[in-house]
Amino acid sequence: MNMSSIIEKANALSGKITELRRKFHANPELPWQEKETSLFVEEYLRNLGLENIKRGFGGTECGVMADLKGAKSGRCVALRGDIDALPLEEENDVPYRSTRSGVMHACGHDAHTAVLLAVAEILSSMKEELCGTVRFLFQPAEEAGMHSGAPKMIEEGVLDGVDAIGGLHVWALLESGKLGYRTGPIMASADIWDLKIQGKGGHGAMPHNAVDPTVTAATVISTLQTVVSREIDPLETVVLSVGKLEAGTAVNIIPDTARVAGNVRTTNREIRGRMEGIMKRVADGICAAMRCTAELTYTPIYPVTVNDPVVTGFMRSVAVDVFGGENVKELPVAMGSEDYSYYGEKVPAAYVFLGIADETKGSGNQHHNPKFNVDDEALPKGAALLAGFAARFTARESA
């Protein structure tokens, strides 16, 4: 399929992409509440003639899947865009400011939704040239942590028959008009943990009659830091952080219990799988030595987002055509996390970052910030990239 034609069509849709993005921005919906957005997306795709349309995942009316079947035989590739917003009060003074108090598109999912609709429009207009099937996934609840939307969509079959998946995230850490990619891990996993240390309370003046969980907690905290420095290959990336410490009610009382909680981020699937066992061993050992007991609750949230070398190389080659080689950059691993990672555990995946940072346009603020905004002029290139990726990949004989 002619790449220049795809780019031309994407540029011609620039005004519509901006209009759509700002519509979604003004009408944000929280995770698993994106009914209005889903209804709009469903109708839009039906009007384009897409098939196999399903709306509603995870027992809700949120999320949409649809297929665009080309006139020629070929492979099946999925494209994913997330549709949910954040519980945040917007501080931007713009005409398309959020109309819903305490809810804001502060991560760019409004842009992802608009871009993916544009991709559907571009490719549906070239259906006679298209090979195979392009499956569009408008996913709810990316921001919902352990209740996020990707696993629910996968459970309900959206990857059945899919050979690969592609996606992008607008990126405020990258200059507008540039494209960032990485082979292998591109975003970290995210897990949380909560440790209850049980001791024996007593008077602060008579510590020998108590079993102090606060001193034990302090020892556990300091020792956990050696896990990364002394048990993990220094060439690997692991972050083990304590974010919460609770104990006691008065300055002269030794409490019965102390609680320590935090998060773990890794960029290696195998190391991620080891972290709970390592932390439990450290906590149990120290607590036993200090006459306390430990109860660790370790909750996996998002896996490592891993880019398949072949599919990512393919995405990069399309990006060079769309952005120009000088504007396609290999980036370091981002320690943030994404539930797109679940798709990559099932099929070969590519996930890239579309630069949107332009201080002159107010799009230089970081994600999850009440002043976050998007440079709309960057979005047609994102649409051209995903459309070109899908068109070329479905025409290949093998992944």
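Let me start with the aromatic rings: in this predicted model, a search of the whole structure finds 10 aromatic pairs. As a reminder for those of you who are new to this, a pair of aromatic rings is described by the distance of the centres and the angle of the planes.

Take Phe 40 and Tyr 44, whose ring centres are 6.0 Å apart and whose planes stand at 35 degrees, so this pair is called tilted. Both residues sit in helix α3, which covers residues 35–47, and they are four residues apart, about one turn of the helix. Phe 40 counts as partly exposed, with a relative accessibility of 24%, while Tyr 44, at 14%, counts as buried.

Now please look at Tyr 340 and Tyr 351, where the centres are 4.2 Å apart and the planes lie at 25 degrees, so the pair is stacked. Because Tyr 340 belongs to the loop between β15 and α9 and Tyr 351 to strand β16, the pair ties together parts that are 11 residues apart in sequence. Tyr 340 is buried at 1% relative accessibility, and Tyr 351 is buried too, with a relative accessible area of 0%. These two tyrosines also belong to one aromatic cluster, together with Trp 171, Tyr 343 and Phe 353.

Strand β16 brings us to the sheet, which is open, has eight strands in the order β1-β2-β4-β3-β5-β16-β6-β15, and shows mixed pairing. Which strands are at the edges? They are β1, residues 51–55, and β15, residues 328–330, each of which pairs on one side only. From one strand to the next, the twist averages 25 degrees.

Within this sheet, β3 (residues 72–82) and β4 (residues 131–139) pair in the parallel sense over eight bridges, and Ala 78 stands opposite Arg 135 in β4. Helix α4, residues 109–124, packs on the sheet, where it touches β2, β3, β4 and β5, and its direction makes about 155 degrees with that of β4. Helix α8, residues 309–323, lies across β5, β6, β15 and β16, and runs at about 30 degrees to β16.

Finally, the cysteines: how many disulfides are there? The count comes to zero. For Cys 107, the nearest cysteine sulfur is that of Cys 62, 18 Å away, and Cys 107 counts as buried, at 9% relative accessibility. Cys 292 is likewise in no disulfide, and its nearest cysteine sulfur, that of Cys 287, is 5.7 Å away, whereas a disulfide would need the two sulfur atoms within 2.5 Å. Cys 292 is buried as well, with a relative accessible area of 6%.

How values were computed. Residues are numbered from 1 along each chain as its sequence is written. This is a predicted model: local features need pLDDT of at least 70, side-chain atom pairs count only at pLDDT 80 or more; totals for chains, interfaces and linings use all residues. Side-chain values use heavy atoms; hydrogens and water are left out. Two strands pair if DSSP finds at least two bridges between them. Helices (H or I, at least four residues) and strands (E, at least two) are DSSP runs, numbered from the N terminus. Axes are lines fitted to C-alpha atoms, for helices over the stretch in contact, and angles run from 0 to 180 degrees between N-to-C directions. Contact means heavy atoms within 4.5 Å. Buried means under 20% relative accessible area, exposed over 50%, partly exposed in between (1.4 Å probe, protein chains only). Rings of Phe, Tyr and Trp (its six-membered ring) pair if their centres lie within 6.5 Å; planes under 30 degrees apart count as stacked, over 60 as edge-to-face and the rest as tilted.
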